Amino acid sequence: MRCCICVDIGATRLRVGLGLEDGTIIDVVETNTREAVIKRRDEYSIATAIEELVKTLLARNNIGIGEVEGIGIGSIGPLDVRRGVIVRPPNLPISDLEYVVKRYLEERLGKKVVMLNDCVTAVWGEKWYGAGKGYSNVVYVTFSTGIGGGVIVNDCLLLGADGNAHEVGHVTVDTGPNALRCGCGGLGHWEAYCSGVGIPRICKLLSETELRDLYQQSPLNGLDFNNYDLFTRKFFEYLKLGDAFCKAVFDRICRYNAIGMATVIHYYNPEIVIIGGSIAINNSREILEFRKYIDSYVMRGIRIPEFRISPLGDFAILKGAIALVFNTPPTYLKLVEA
Ligand SMILES: [Zn+2]
């Protein structure tokens, strides 16, 4: 069976896998993206790290680059898909650079590279190998450090002018006087409340205002809001144990999630919404609770889609990268060849 290289460029992990045409991943090697970026401090730091990982992977599997069909990449954004570069990514330690990925790898490895945004790649992976199989209208929403999306409408992968047509996490869910400022600079965005970084911030806001008394009794009291990774993990732990503060905050989060999902439904009319990302994978039952509020926000007569937790989980982007090679989206070809 034909094989390819699949790559997942995340803000913390850089993973490179060896994939087969049927979506099987044979082997994966990884490094820390932040360390790779700091090591070289130039526009090629990510590409050279990928090149090294590819060589390691091929050597230990006894495969020559000649046997590889191509390279698929799902990456953090923002991207300029046409040029195959990551443009000043806010979530990397050196964020004022344009990271050249596609051209460097094509020249060095002599293989065609297809690179798209990570969530766009993930939705393509779900369509070919996961919960999106058999559907023509699929949205993928990820809940991890941020909130991202990938969209397929009538079998067409939406890309937009530069490949960034899917920033669903930045829809405004709160226009009130205390609206939180999002990492992107905007006010009251969904991501600022319900992502891995957002959950500690909505907790902080409510602990200082309407839920002050419940917070006093909560085991979260005293935990550093800025240590967002640990805080969010503890939040779900105490939520599952029934802590009243966590339950009250989570009810608000469910409402914001319902508003965000309603927007997704109105914009794209999906048959299925697949929910991925570490927060959703680790707290699947809780994350799906927003469904109890969805009717309040969706226009009557509009189909409420099926909501499913991603069966591909942590491998959605890598599997999507395989699909980028063997089933390159026509919209991508149109964009890069234009
Ligand atoms: Zn935002």
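These are my notebook entries on a predicted model of a protein.

**Entry 1. Ground rules**

I worked from a predicted model, in which local features need pLDDT of at least 70 and side-chain atom pairs count only at pLDDT 80 or more, while totals for chains, interfaces and linings use all residues. I numbered residues from 1 along each chain as its sequence is written.

**Entry 2. The whole protein**

Helices (H or I, at least four residues) and strands (E, at least two) are DSSP runs, numbered from the N terminus. I noted that the C-alpha trace spans about 65 × 50 × 35 Å along its principal axes.

I then looked up burial. Buried residues make up 46% of the 338 residues. A residue is buried if 20 or more other C-beta atoms lie within 10 Å of its own, exposed if 12 or fewer, and partly exposed in between, with C-beta atoms placed from the backbone. As for contacts between residues at least 6 apart in sequence, 66% join residues at least 24 apart. Two residues are in contact if their C-beta atoms, placed from the backbone, lie within 7 Å.

**Entry 3**

I followed the chain from strand β1 (residues 3-9), which pairs with β2 in the antiparallel sense over seven bridges. Two strands pair if DSSP finds at least two bridges between them. A hairpin of three residues joins β1 to β2, and C4 stands opposite G19 in β2.

On β2 (residues 13-20) I recorded that six of its eight residues are buried, so this strand is largely enclosed by the rest of the structure. β2 also pairs with strand β3 (residues 25-32), again antiparallel and over seven bridges. Here V16 stands opposite V29 in β3, and L14 has T31 in β3 as its bridge partner. The hairpin of β2 and β3 has four residues between the strands, and G23 in that hairpin takes a positive phi near 95°.

**Entry 3. The open sheet**

I traced a sheet of five strands, open and with mixed pairing, in the order β11-β10-β9-β12-β13. Its edge strands are β11 (156-157) and β13 (306-309), each of which pairs on one side only. Within this sheet I examined strand β9 (residues 138-143) and strand β10 (residues 147-153), which run antiparallel and are joined by six bridges. F143 has I147 in β10 as its bridge partner.

**Entry 4. Helices α8 and α9**

I looked up how helix α8 (residues 228-240) packs with helix α9 (residues 244-268): their axes come within 8 Å and cross at roughly 110°. That makes α8 roughly perpendicular to α9. Axes are lines fitted to C-alpha atoms, for helices over the stretch in contact, and angles run from 0 to 180 degrees between N-to-C directions. Angles under 35 degrees count as roughly parallel, over 145 as roughly antiparallel, 65 to 115 as roughly perpendicular and the rest as oblique.

In this contact F235, Y238 and L239 of α8 meet C246, K247 and F250 of α9. The contact residues divide into five nonpolar, no polar and one charged. Ala, Val, Leu, Ile, Met, Phe, Trp, Tyr, Cys and Pro count as nonpolar, Asp, Glu, Lys and Arg as charged, and the others, Gly among them, as polar.

**Entry 5. E69**

I found E69 in strand β4 (residues 68-75). E69 counts as partly exposed because it has 17 C-beta neighbours inside 10 Å. Leaving aside neighbours within four places in sequence, E69 is in contact with R2, C3, C4, V325 and F326. The C-alpha atoms of E69 and V113 are separated by 9.9 Å, although these residues are 44 apart along the chain.

**Entry 6. Backbone exceptions**

Most residues other than glycine have a negative phi, and most peptide bonds are trans. I noted R41, with a positive phi near 55°, in the loop between α1 (33-40) and α2 (45-60). R41 is exposed, with 10 other C-beta atoms within 10 Å. I also noted N62, with a positive phi near 60°, in the loop between α2 and β4. N62 is exposed, with 7 other C-beta atoms within 10 Å. Lastly, I recorded that the peptide bond from G77 to P78 is cis, with omega near -5°; P78 is in the loop between β4 and β5 (79-80).
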